[in-house]
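Take a look at the chain below. This report walks through its cores, its rings and the confidence of the model.

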Amino acid sequence: MGEISFSNHISNKKSAINSKAKLAGVAKHNLRKYHSQDYSRDNITLLYGTTNLMQDVKNVYRKEFDAALHEYNAKQTRPERRIGDYFEHVSETEQDMAVEVIIQCGDKKFWEQNSGDKIFMKQVYKQLLLKLQEYLPDFKVANAIIHFDEASPHMHIVGVPVGRGFKRGLSTKVSKRSVFTPQVLSEVLQDKMRADASYYMKVIFQQEVREKKKGKNHDLSVAEYKVAKEEEKIEKLSTDKIGLEADILVLKHRKSTTQKKLDELDGEIESSNIFLNSHARISGSTINKSPMATHCINILDIFLELL
């Protein structure tokens, strides 16, 4: 039974979704809403939500925060302190308005050997999504999609972390810190999800997930993950470039050899032309030919017949 890699990444720092522009960028990438030779809109699978990720997130906001927002606004005596649209309000505060989790089972080598098993890989990610929702009930999933158009399949999950019991502001509000604690990052996103991934991959693909490296509580951030992917792409392009350069050298050598042969043929043709012209002058001369000259001409005629 083989072993495969497992990784679980969460958006933070540079990849944090802390504005509508960032959320729109995530939607554009995840749903392939642009033209690129590197990606294919036909090779992705939507597991949860719709093709309008922005609206999916807004729907979660309304469902989870409308009651708390109404309660908060009812307590405000000053109109300017009331919040009209909580989604718009949070998008202007530079806090994490949503969180993205990227889960990947297997690497490029594994997928090259199993690229025809998309339906089975879909089931693995579907079960992992259900497990994530079970472990983190306050991480409200808005959208989940599988990418099959890259080196190895992986799942993008975008959701809203919901914090409860606050004394200031809304009693229920967006709070990444409340949901994604250090304990959750280590015990849930890594240990439990890794064990679940290993179970499903073993049942479906007869592959086990390699154990986590000692002292590693969480994997790369989404930003670091995407940088790593770009480095893989650059490495592949470099390898392709070396191969093309080798092909060019072979073609240049063939061209040089061919040119040399052409030059040799040109020399032979030129020598033959000189010989033929000389023969024509001798044959067409009106001067009386001596026996010796006639003998030479006859030898030339015989030689030309042999050419």
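## A buried phenylalanine

F148 counts as buried, because its relative accessibility is 5% and the cut-off for buried is under 20%. This is a predicted model. F148 sits in the loop between β5 and β6.

What does F148 touch, leaving aside its neighbours within four places in sequence? Its contacts are N43, T45, W111, K118, M121, K122 and P153. R41 is 107 residues from F148 in sequence. In space, the two are 9.7 Å apart, C-alpha to C-alpha.

## The chain as a whole

The chain has 307 residues, and 37% of them count as buried. It holds nine helices and eight strands. Its accessible surface comes to about 19000 Å². Carbon and sulfur atoms account for 53% of that surface.

In soluble globular proteins, nonpolar side chains tend to be buried together. Here, the largest nonpolar core has 35 residues. Those with the most contacts inside it are I103, C105, M121, L128, F139, I157 and F180. Several elements give two or more residues to this core: strands β2 (6-10), β4 (99-105), β5 (139-147) and β6 (154-164), along with helices α4 (108-114), α5 (118-135) and α7 (182-205). Which element gives the largest share? It is α7, with nine residues.

C105 shows how such a residue is surrounded. Not counting residues up to four places away in sequence, C105 touches I4, S5, F6, F110, M121, V124, Y125, L128, P153, A197 and M201. There is also a second, separate core of 28 residues. Among its members are M54, V57, Y61 and Y86.

## Aromatic rings

A pair of aromatic rings is described by the distance of the centres and the angle of the planes. The count for this model is nine aromatic pairs. One of them joins Y61 and F65, and it is edge-to-face. The centres are 5.2 Å apart, with 70° between the planes. Both residues lie in helix α2 (residues 53-75). They are four residues apart, about one turn of the helix. Are these residues buried or exposed? Y61 counts as buried because its relative accessibility is 3%. F65 is buried too, at 0% relative accessibility. Ring pairs link Y61 and F65 with Y86 and F87 into a cluster.

F110 and W111 form a tilted pair. F110 is buried, with a relative accessible area of 4%. W111 counts as buried at 5% relative accessibility. Elsewhere, a charge sits over a ring: K173 lies over the face of F166, at 4.9 Å from the ring centre.

## Confidence

The chain averages a pLDDT of 82. A score of at least 70 is reached by 72% of the residues. Where is confidence highest, and where is it lowest? Strand β7 (residues 172-174) is highest, at 98. Helix α9 (residues 291-306) is lowest, at a mean of 56.

One stretch calls for a separate look. Over residues 216-221, pLDDT stays under 50. For this stretch the model has 19 contacts beyond four places in sequence.

Technical notes
Residues numbered from 1 in each chain as written. Predicted model: local features only at pLDDT ≥ 70, side-chain atom pairs only at ≥ 80, totals over all residues. Heavy atoms only, no water. Buried < 20%, exposed > 50% of the residue type's maximum accessible area, 1.4 Å probe, protein only. Areas by Shrake-Rupley, 256 points an atom, 1.4 Å probe, with all protein chains shown as cover. Core = buried A, V, L, I, M, F, W, Y, C linked by side-chain atoms within 4.5 Å. Contact = heavy atoms within 4.5 Å. Phe/Tyr/Trp six-rings, centres within 6.5 Å; stacked < 30°, edge-to-face > 60°. Lys NZ or Arg CZ within 6 Å of the ring centre and 35° of its normal. pLDDT = per-residue confidence, 0-100.
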